[in-house]
Amino acid sequence: MHTQRLILTLAAWGVAASPALAAFSPEQAPGRLPKNVIPLSYTIAIVPNVAALSLTGRESIVLKVRAATGTIQFNSLNEKLHDVRFDGKPVKKTMSNDKAQLTTIALIKPAAVGTHTLSFSYSGKIEESAQGLFAQPYLDPSGAKRTLLSTQMEATDARRMFPCWDEPAFRATFRLTATVPAGWAAVGNMPIAKRVVRGNLATITFQDSPRMPSYLIEFSAGELAQISATKNGTQFGVWAVRGLENNGATALANAEIILADYNEYFAYPYPLPKLDSIAVPGGFQGAMENWGAITYNDQTLLLSASSSIVNRQTVFSIQAHEMAHQWNGDLVTMAWWDDIWLNESFASWMAAKETDLRNPDWKWSEAQDEDKEDAMSADARVTSHPIQQHVTDELQATNSFDPQITYSKGQAILRMFEAFLGADKFRDGIRGYIKAFAYSNATTGDLWNALNFSSGQDVRAIAAGWTEQAGFPLVSVVASCDAAGARTLQLSQKRFLLQGVDKQQASWKIPLQIRSGSDAAAHALLLTHQDQTAPAGRCDEPLSANAGALGFYRTRYDAATLAVNTRNFGRLPDPDRIALLDDQWALVEAGIDPLPTYLALAASMGSDLDTTAWIQIAGALATIEYAERGTPGHEAFAAFARSLLKPAFEQLGWNAKPNETAAVQRLRRNVIRQLGTLGDPAIIEEARKRFAAFLSDHKSISPDDQAIILNIVAQNADAATFESLHAVARAGKDETETRRYYAALMAVRDPLLAQQAAQIALSSEIPPQADSLRLQLLQRLSDRHQQLSWHEFIDNSERLLKPFAANAPLIVAQYMPEAYWSGIPLSEVEAWVRAHVPAEMGENVDRGMETARFKLAEKDRLVRDTDAYLHR
Ligand SMILES: [Zn+2]
């Protein structure tokens, strides 16, 4: 699809030619700032003082006054403004309110409609975590302590670096100047226009940015170095702390490939002269799509000899995500934060598509099934929320970046619509949307209108149910057969919940994909009403009502059809098999179907090497194993689970075979890891042997296999082995090894060693750029040591959460209850969590607590049903 340029009827796509795609006006965006004054262009000059964590600045903003006004209001935080002038003359009064994050200027006389200039000097702060302009300490490759400056503005933190209209609808141009040590390099959204050195300081001015929202501003400076290339007129750079820049070689090559593909997909060439990728040590988690200057946590951009295939996959897929934002997000921006899903779901969907296209042997689209399942678990809660969430105050925007719903559910919905409309029509709609709203903002409705136009279908009517209401449907399929064996389906729906009842009685227009028989093509069917009927092949053929696993819904088949599917399980196309496994497991978890219906499917796998199916099964077995821990039935279940996994392991063996795909290698690692956790003596013995060889020669285990082998060894470690593992961790060559080896230490089962592991996680052995690792390490420790992990967490929470900056409250509210449900009284967890997040996050806490209560109830049920099954 990407290899040939398809000539589109773009001529028909002028903005004016398509009245459905009306131009954006700021009134369409909610927000706190008045719309009567709009910034057009900013000129900002800052002088950071890293040692004092402060900055001084001078700012001049050209404004358009749309209605005469005596006051001007914009965002500021922790800044003191002075020498404030309007059209060169002093103003009556300047009031900054840090609580409201607003500055209000009273003019001596009202400003007339037209263009004016506001200017001022100010002083502000450099932050110590990733909000606004922040200072990041790190150890350089030689071990010397250094600091660099970088920025993280989304959602509402540009105002911490300079006062501005900090809402996404206020697009303006930005000319940024910064004065930094002369030995430093500096990177911004645009190329450097001018660099003047005076003594030991350099003053750098970047070219004017295009019109863009403030949350996309980027500025990094420090002892940075880059590698670069130019392709098709775009200058690509990968920046890292000096000495690590060559670890960006893969990222540089990836960026060239991805940009070329996206230029073609969007039929709108990347509009900036350059695209930099900046590896920030520590700083923040993940990456940020600043226009022309994407920042990444360095672990998601740089690759070294220590990197594994998982690291390489992370780099490509995150690059593909952030680069998709250069169009959807940056060139076209959501009007307001309630449409953040437009940015995020789209980027995730596009990234999966691109990663799959360029790395077919990773089977990336299939692997997205795990993300979809994660989203479905979250969305099967009574307390779930719609993809489109009302955000009244931009200060709540950060809390609406709910990864499971905003990213993963949205991505799955787009994939379902793409399949339903056809990939070409879907792409044509996207092209029309980008062209119509370039350098502007848009709403979800605008996207649906563009897709209506390209597909001729009422996409908006179908889509509303998926983005405007929480949850998703369970489709009940009841087959009837005529005398000749021809099958007719009767289809109904209701909301799928893991527990509780659906008070709203929600319903959806569901784009089904039906396949009868294992080789037949699927056909699309829109389910719009209860008891809808459709012909579907013959009754003795297997049936999928979610062919290709493309739908965001669950399917429950009548007993006879499920029996046919189970008998033919080995012959199903891989995606249909994963859909069946996912659905049957969810039906068991929800108490709708009995456990043996799922175990019968799992037992039908035999030695088939379908990676995605096995990973699903391994996940379900791990859930049961966790439930059985400490019960009399644990060993019997572990033996049963080993017997299911063993045939696959016999096929796979320990060592990769020549020409084996990455997906099969992933399966091997997964099966070995599970067998190790399930206490398989031969696996543990072999892991120990390999670890002994590793101690004398690290090259004896490939980076891909180190994590699983070290984890199995750590689980069963005595004090001496633990000491060896710890020595390996201390000697890690780079952060990739540090993260991998310290994580292995946390797998220990011995309680005394676990206490040592907790102390290590909190110690200064972890370098400052890996500060965020500490919380992840304690989370791993919680798998077997709930009390220890919980107490270390609450005793050190401030320090542990600091690296997560604005995301910390969401982590506490939604994920802490999910981590500590099994060993800490839920009332204790809930009380602590509620006391440590803002009051308006009550619903997020409700979600976390609902999951915790569900898991606790499920545990007892799984133990009872599993024991009954094994003693039948
Ligand atoms: Zn994103």
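This is a predicted model: local features need pLDDT of at least 70, side-chain atom pairs count only at pLDDT 80 or more; totals for chains, interfaces and linings use all residues.
# Briefing: strands, helices and a zinc site

Arg85 stands opposite Ser119 in strand β8.

**Strand β4 and its partners**

- The strand β4 covers residues 80-86 and is joined by five bridges to strand β8, residues 114-125.
- These two strands, β4 and β8, run antiparallel.
- Strand β4 also pairs with strand β5 (residues 89-90), again in the antiparallel sense, and here the pairing extends over two bridges.
- Together β4 and β5 form a hairpin in which two residues lie between the strands.
- Asp87 is in the turn of this hairpin and has a positive phi of about 50°.

**The open sheet β3-β7-β6**

- Three strands make up an open sheet in the order β3-β7-β6, and their pairing is antiparallel.
- The edges are taken by β3 (69-75) and β6 (93-97); each has a single partner strand, so one side of each is left without a neighbour in the sheet.
- On average, and with direction ignored, neighbouring strands of this sheet are turned by 20° against each other.
- Six bridges connect β3 with strand β7 (residues 102-111), and the two run antiparallel.

**The open sheet β26-β25-β28**

- Another open sheet has three strands in the order β26-β25-β28, with antiparallel pairing.
- Its edge strands are β26 (523-527) and β28 (543-544); since each has a single partner strand, one side of each is left without a neighbour in the sheet.
- Strand β25, residues 510-516, is joined to β26 by five bridges, and these strands run antiparallel.
- Ile510 has Leu527 in β26 as its bridge partner.

**The zinc site**

- Which residues coordinate the zinc ion? They are His321 and His325, each through NE2, and Glu344 through OE, at 2.0 to 2.1 Å.
- Along the chain, the donors follow the spacing H-x3-H-x18-E.
- Both histidines, His321 and His325, lie in helix α2 (residues 309-325), where they are four residues apart, about one turn of the helix.
- Is His321 buried or exposed? With a relative accessible area of 10%, His321 is buried, because the cut-off for a buried residue is under 20%.
- His325 is also buried, and its relative accessible area is 0%.

**Two crossing helices**

- The axes of helix α1 (residues 249-266) and helix α6 (residues 423-437) come within 8 Å and cross at roughly 90°.
- Helices α1 and α6 are therefore roughly perpendicular to each other.
- On the α1 side, the contact is made by Glu264, Tyr265 and Phe266.
- On the α6 side, Phe426, Arg427, Ile430, Arg431 and Ile434 take part.
- By class, this contact of α1 with α6 has five nonpolar residues, three charged residues and no polar ones.

- Ser384 is located in the loop between α4 (364-379) and α5 (403-421).
- This serine, Ser384, is buried, with a relative accessible area of 12%.
- Leaving aside residues up to four places away in sequence, Ser384 touches Ala378, Asp379, Ile405, Ala470, Arg495 and Arg847.
- Ser384 and Asn844 are 460 residues apart in sequence, while their C-alpha atoms are 9.0 Å apart in space.

- Ser440 has its place in strand β22, residues 440-442.
- At 17% relative accessibility, Ser440 counts as buried.
- Apart from residues up to four places away in sequence, Ser440 touches Phe24, Arg171, Leu331, Val332 and Thr333.

- Phe206 is part of strand β14 (residues 201-206).
- With 3% relative accessibility, Phe206 counts as buried.
- Not counting residues up to four places away in sequence, Phe206 touches several residues, among them Arg175, Leu176, Ala186, Met190, Pro191 and Phe219.
- Phe206 and Arg195 are 11 residues apart along the chain, and 8.8 Å separate their C-alpha atoms.

Methods. Residues are numbered from 1 along each chain as its sequence is written. Side-chain values use heavy atoms; hydrogens and water are left out. Two strands pair if DSSP finds at least two bridges between them. Donors are N, O and S atoms within 2.8 Å of the metal (3.2 Å for Na, K and Ca); water is not among the atoms, so sites may look incomplete. Buried means under 20% relative accessible area, exposed over 50%, partly exposed in between (1.4 Å probe, protein chains only). Axes are lines fitted to C-alpha atoms, for helices over the stretch in contact, and angles run from 0 to 180 degrees between N-to-C directions. Angles under 35 degrees count as roughly parallel, over 145 as roughly antiparallel, 65 to 115 as roughly perpendicular and the rest as oblique. Contact means heavy atoms within 4.5 Å. Ala, Val, Leu, Ile, Met, Phe, Trp, Tyr, Cys and Pro count as nonpolar, Asp, Glu, Lys and Arg as charged, and the others, Gly among them, as polar.
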